[in-house]
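Hi,

Here is the structure I promised to send over.

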Amino acid sequence: MPHPAPPSLADQIEDLLPQTQCTKCGYNGCRPYADAIAAGSADINQCPPGGAQGIVRLAGLLGKKVIPLNPVNGLERPRSVAYIDESLCIGCTLCIQACPVDAIIGAAKQMHTVISDLCTGCDLCIAPCPVDCIVMYPVSGDATGWDAWSQMDADDARARHDFRTLRLRREAEANDARLAAKAVAKMQEVTQEVPVTPDEQAEKERKRAIIAAAMERARAKAAASAAAQTETPVPNAPKKDA
């Protein structure tokens, strides 16, 4: 039996991150941040949820000096969970789309609610809400960092985030495949048209050109998506704590 490949440095770094997926580090999630640290393009002090203890953990792995949390990325605070004022919620689903761990349930034009046990406190649902019906409530008392968060919490959050990422990818691929099939059928329909006048011929060619352009855009999008999955994500601008 072949032995499994040993974990990469990025894998080991990711294992030490809290998996809140809050993006306060300046990257689009914990894994991109781990990749950046491993590549030497990010420092170990950019994770407010991990706090001082998180920096110690990363410094121990990498043999680096323990340094203070970078205030550009935010402050170490007690853990909070999101709460939706159901009397104000309009069911827009924007918070559901923003939640990186599927901790919000609801449907379009229906009231939404947060499953508190699943919320990582990332606060990414706050900004998209058009009616300001979401607030963050501290739930860990004075405890911050890894005193307010456990490895089991982190592992569960990563599993939910990975499952959500896979689900969204599959949904996007299924939608792209549906649109591609629709475009092919439409192209066949237009191709079978028998124009009688020059104007009808011109209209037929116009339709063919539009459909062909749409199909080419779809192919380019699929190629770019495939390439992006093999590249290190580009970091976002660092975000401060709300």
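**What I found**

Strand 1 and strand 4 (residues 134-138) pair in the antiparallel sense over five bridges. Strands here are DSSP runs of E with at least two residues, helices are runs of H or I with at least four, and both are numbered from the N terminus; two strands pair if DSSP finds at least two bridges between them. Before you read on: this is a predicted model, where local features need pLDDT of at least 70 and side-chain atom pairs count only at pLDDT 80 or more, while totals for chains, interfaces and linings use all residues. Residues are numbered from 1 along each chain as its sequence is written, and side-chain values use heavy atoms, with hydrogens and water left out.

Within that pairing, Ala82 has Met136 of strand 4 as its bridge partner. Strand 1 (residues 80-84) is mostly covered, with four of its five residues buried (under 20% relative accessible area; exposed is over 50%, partly exposed in between; 1.4 Å probe, protein chains only). Tyr83 sits in strand 1 and is partly exposed, at 42% relative accessible area.

Now for the loop between helix 1 (9-15) and helix 2 (30-39), where you'll find Gln19. Its phi is near 65 degrees, a positive value in a residue other than glycine. Gln21 is in the loop between helix 1 and helix 2 too, and the phi of Gln21, also not a glycine, is positive at near 60 degrees. Are these side chains' residues buried or exposed? Gln19 counts as buried because its relative accessibility is 2%, and Gln21 counts as buried because its value is 3%.

Cheers
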